[in-house]
Amino acid sequence: MTASDVLLQLDGVSMQYGHGETAITALAGVDLSVSRGELVAVMGASGSGKSTLLTVAGGLTPPTSGEVIVEGHWLSQLSARELATLRRRSLGFVFQDFNLIPSLTALENVSLPLELDGWSSKKAHHPARDALGIVELTDRAQHFPSDLSGGQQQRVAIARAVVGGRSLILADEPTGALDSMTGELVLRMLRSRVDAGAGGILVTHDARHAAWADRIVFLRDGRIVDESQPSTVSSLLSGLPA
Amino acid sequence: MSVRQSLLAILNQGPCYGYQLRAEFDRRTGSTWPLNVGQIYNTLDRLERDGLVQKADIDADGQNYVEITEAGRAEVADWLGSPVVRTMATRDELAIKLAIAVTLPGVDIARVIQVQRSATMRTLQELTRTKNATADPESSDQLAWLLVIDSLIFAAEAEARWLDHSESTLSRSRAAGLAAPLPLNTDVPKRGRPARAVQAGA
Ligand SMILES: Nc1ncnc2c1ncn2[C@@H]1O[C@H](COP(=O)(O)OP(=O)(O)O)[C@@H](O)[C@H]1O
Ligand SMILES: [Mg+2]
């Protein structure tokens, strides 16, 4: 694996909220890397630091100590402007509650990150259409979020996260508000983006959904306590029907 | 156990010989619980003894066919119409291991849980991969296999959730100062059943 395959690296990342007596340590010395084609699931009890890990990994908040490296860029070395640009061009967030803008159509929502990056809306619509195609929602491009089901809204959010070739997807409980079958469809889309060369972190407390990942890490009190990755050869089932 | 009823249900489709029954059982359960031919013949002997099947023709290749009886058909209908009841006290290796471990001194039970959870998640990942690598079912044996693999997936998920829950239970009881080891009882038990034994099935 070459260095350029590593999309994200966390090196000894710690995060404290507040100061002194009342300080809360949300992350304590976390090392984690995500490569191209890799989906890493993060599991852990509520309050274990999962969301904090995503906001730090996505450069939304700087860690108290340690280093976050995205596509070879040390975030601590970037100016605020460079950081904002890197975030727009390399990272996509997906949240539990979809976070779509209600007054914009699906297509406009997906175009938005590109337009914020200086693209004309006419030019942005082209890759936005491609991204909607990936999540199989081409026919819903002109719909507003209120006209879409939860699963469809989350697929729009995934399109927005990957539009324009952004390669690192950070998803915080993306299936948390969806029923089991719909959640599985959303995972399938996420998985196929990663298989096509993106990388992702999937925060979830659902073991069945975490199992879609290549690697699963467990957080407890801000520390990675465990990791799981399947053996390459499945030893569980002796045969499949042809 | 359900092998008996499964074979009977297959025989309800028409007479079969031993190897054929084995193949039919495997095909319908995705080879998840392979049977050897000895088990098949043993089961057939018992079914015959109970009057649920009887010997039928021997074909040109010398295969001994077995066919279902009226009583056998009634048993199949009965099986399909009634629930599978899981006995309360089915021995669960993992539950026993954790129960014992939590009473022992010097055992890092949190570690025991972690090791198990990794293994359980690995199983779940492998099952999920296997399932995802499979196209939508196009025949009823593929559909049968999908049901089986989903059942394994949900069982592994339940185990992972139980482990998470055990971890919280443990840390709560620790916080309350409860998780002390259980020393050996010096009051040596008499022969026979302990007075306070829970009446768990065999
Ligand atoms: N903005 C914040 N200010 C203060 N404390 C916070 C903030 N965000 C999270 N925390 C605390 O940090 C810890 C980890 O929270 P979080 O990362 O949200 O965990 P999770 O997503 O696993 O539930 C918790 O104790 C939480 O209360
Ligand atoms: Mg959270």
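**Aromatic pairs and ring contacts in a predicted model**

Searching the whole structure over all chains turns up two aromatic pairs, where rings of Phe, Tyr and Trp (its six-membered ring) pair if their centres lie within 6.5 Å, with planes under 30 degrees apart counting as stacked, over 60 as edge-to-face and the rest as tilted. In the stacked pair, Phe93(A) and Phe95(A) stand 5.7 Å apart centre to centre, with 5° between the planes. Residues are numbered from 1 along each chain as its sequence is written, chains are lettered from A and ligands numbered from 1 in the order in which they are written, and side-chain values use heavy atoms, leaving out hydrogens and water.

Phe93(A) is buried at a relative accessible area of 16%, whereas Phe95(A), at 28%, is partly exposed; buried means under 20% relative accessible area, exposed over 50%, and partly exposed in between (1.4 Å probe, protein chains only).

Turning to chain B, the rings of Tyr17(B) and Tyr65(B) have centres 5.3 Å apart and planes at 80°, so this pair is edge-to-face. Tyr65(B) is partly exposed, with a relative accessible area of 21%.

Finally, two charges: the charged end of Lys123(A) sits over the ring of Trp119(A), 4.5 Å from its centre, and that of Arg117(B) sits over the ring of Phe218(A), 4.6 Å from its centre. The criterion is NZ of Lys or CZ of Arg within 6 Å of the ring centre and within 35 degrees of the ring normal.

Key: Predicted model: local features only at pLDDT ≥ 70, side-chain atom pairs only at ≥ 80, totals over all residues.
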